[in-house]
Amino acid sequence: MNDELLQPLSQAVIDGDPDRARELAARALSAGADPLGAVEQVLSPAMEEVGRLYEEGEYFIPELVMAGEAMKAAMSVLGPEMVAREQVRSAPGVVVIGTVEGDIHEIGKSLVATMLEAAGFVVHDLGVDVPAAAFVSRAREVDADVVGLSALLTTTMRNQQAVIEALEEAGMRGRVRVVIGGAPASPEWAERIGADGYAENAREAVTVVRRLVGVG
Amino acid sequence: MIRPTLQFLSPETVSRVVEEAIELLQDPGVRVHSQRALRLLGDHGAQVDLEAKVARIPADLVHRALETAPKSFYLYDFEGRPAVHYGGDNVHFDPGSAAIEILDHGAVTSRTPVTADFVRYIKLADSLLPMDGVSTALVCADVPEEIADLYRLYLVLLYTGKPVITGAFGVETWHVMKDLLVAVAGSEEALAEKPTAVFDVCPSPPLLWSEITCENLMDCARYRIPAELVSMPLAGATGPATLLGSVVQHAAENLSGVVIHQFTNPGAPIVWGGSPAAFDMRTGTTPMGAVETMMIDCAYAQVGKHLGLPTHAYLGMSDAKIVDAQCGFESGIGAVLGALAGINMISGPGMLDFESCFSLEKLVIDAEIVGMAKRLVAGVAERGIPLAVDLIRQVGHAGNFLANPHTRRWYREELFIPSEVMDRDFRRNWEAKGSKDVVRRAHERAEALIAAYEPRELPPEVVSELAAITLRAAQAAGMDRLPQRATSSEQRATSNQQPATSNQQRGARDER
């Protein structure tokens, strides 16, 4: 592999520079780099480094989020090429995450998504105000191990339950673990609605998801 | 005498903030999830996209709305006396709202509050003189969420005569809450004439009015019940990281609220409030006790004053989890800065843990902070000319001013006299009284005030009507009867008493 391109790509992720990450990923591809190799040997270790810098107090949330954006930018180039070559990235797990229907609060959910990416998970972030059916269809499509449901309002937290019910109806509850979070959620609420896990914050979310997929 | 004031922005910067806010209302405009409000804005010249639910509001609409918005108004207590003067640099305080947790004395773990907790809170807030209003500060977990908002108001109306700071969680429940207020006031006209409550309405950052808040805002305007605009950008997360950038976004959100409100009913009372916060870049929390949060508050209040509107802010809160030193200093700094900024209503006392947990002990301690903050802004007064030369000559080198009538004449006006919660005693006496820290002293004062609470006198037919309105809503939400408010012996003990002594107490010690 071409280290002259890949080392700067790693640095672009660590620096949180999406434009540079996208450009370097494209140049690596045209220079003949293997997309799966670039993801597993460059992007994933770079995100792990970002996670380490955060844990050590060097990085704060903005650096973390921008590194996630840079990772996504590189993936927007490498991902389609991996699909074309029928390559599948090895990861501790695949997570589908979103804020439930009726709720437009994004920050907490996005932080969890970024932290999970930093921990090596493949994360599909569906955004906010996501209907139960959309969680189900994407989880099926990407063969998700875990579905993460966020809600900030007491009025919308009931929709976390609706997603769990929809997964049950679709016959997927046996192989998909559900983790919930958000200000009004609690371990008691998780138990009441039959979720597999609850996390108080983004860091705890990683621990919980690791445990759910059996790598924690 | 000059009133001590605090300003963060130059006049040029204030104008710049307003200009940029108005530019934002034109492009990208504001998202409005209420068809009624979108049509209203469209009828008055805004460019409305009904499908995208976006209104682009031209500058002249903003200016016209600002012209009709009143510069000041009063909130009345339930005996019809003006009690809170929104406008100018008048400073008032009320407990923070709305906690979903309560911290018991001595506990390190909070719990969900129930009706009996809320009643104790109201009795305490009613008794604490520095509190100018009583907020619906706790969400009771023993009633269905569908009626949680109106149920709080119901209880507040039963137990206090002070003005009320509240808010609705739904479109329909707002009307039930209005009916409760009307039941006490006598008629909708009487309530509009002498409003007793203000409703907080909170746009969502950035630049969004949800259906509930937007309908609440318009309903407040329609019935001329004061509305408090509570814009809450989180600097760096849902608003710009620069403090001034968040002040711009706050101004845009609030200005859009003023437009919707004033075009619904020109001249209805409205308040330039907010609950912005800094964003903690390590934990992802929204610290209400951060100095930057307080700076954004004071800066937006300056913008509100420039626009000629009454002001409000959430200050005097702490992010501490228990009543400790962090709790004290964050609350103290916030209350003092808010008072210096001349914010008309400062909500926050009693509140811990990012505006989510209430402590009665903290409320008692904060009442002392509020007393000091009010004293601070009363300033250093000239009591006469010459200032002191004659007096000091008269007392001479002997130097005993205690024995001079001048001291007795002025000390009560010069000093804020704290309650026994503040320790200013000699060490030996402090030890003799049990070496109690401030939290313990606050707890004892809270219990004493709650025990000494005198029920307010409401005509029995009003009490029945309030109960009937609330019960109807409860039944619609699937609850057959309302929760017990206190132990039955407490109810018997208090049901025959008159409210005279609480008024006497109020008159005897005016700390403002």
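I began with H443(B), which, leaving aside neighbours within four places in sequence, is in contact with H105(B) and E361(B), where contact means heavy atoms within 4.5 Å. I noted that this is a predicted model, in which local features need pLDDT of at least 70, side-chain atom pairs count only at pLDDT 80 or more, and totals for chains, interfaces and linings use all residues. Residues are numbered from 1 along each chain as its sequence is written, chains are lettered from A and ligands numbered from 1 in the order in which they are written, and side-chain values use heavy atoms, with hydrogens and water left out.

Is H443(B) buried or exposed? I found that H443(B) has a relative accessible area of 19% and is therefore buried (buried means under 20%, exposed over 50%, partly exposed in between, with a 1.4 Å probe and protein chains only).

I then turned to backbone angles, for which I kept in mind that most residues other than glycine have a negative phi, and most peptide bonds are trans. D143(A) has a positive phi, near 55°, and at 49% relative accessibility D143(A) counts as partly exposed. E355(B) also has a positive phi, near 70°, but at 18% relative accessibility E355(B) counts as buried.

Last, I looked up two peptide bonds in chain B: the one from D27(B) to P28(B) is cis, with omega near 15°, and the one from I385(B) to P386(B) is cis, with omega near 0°.
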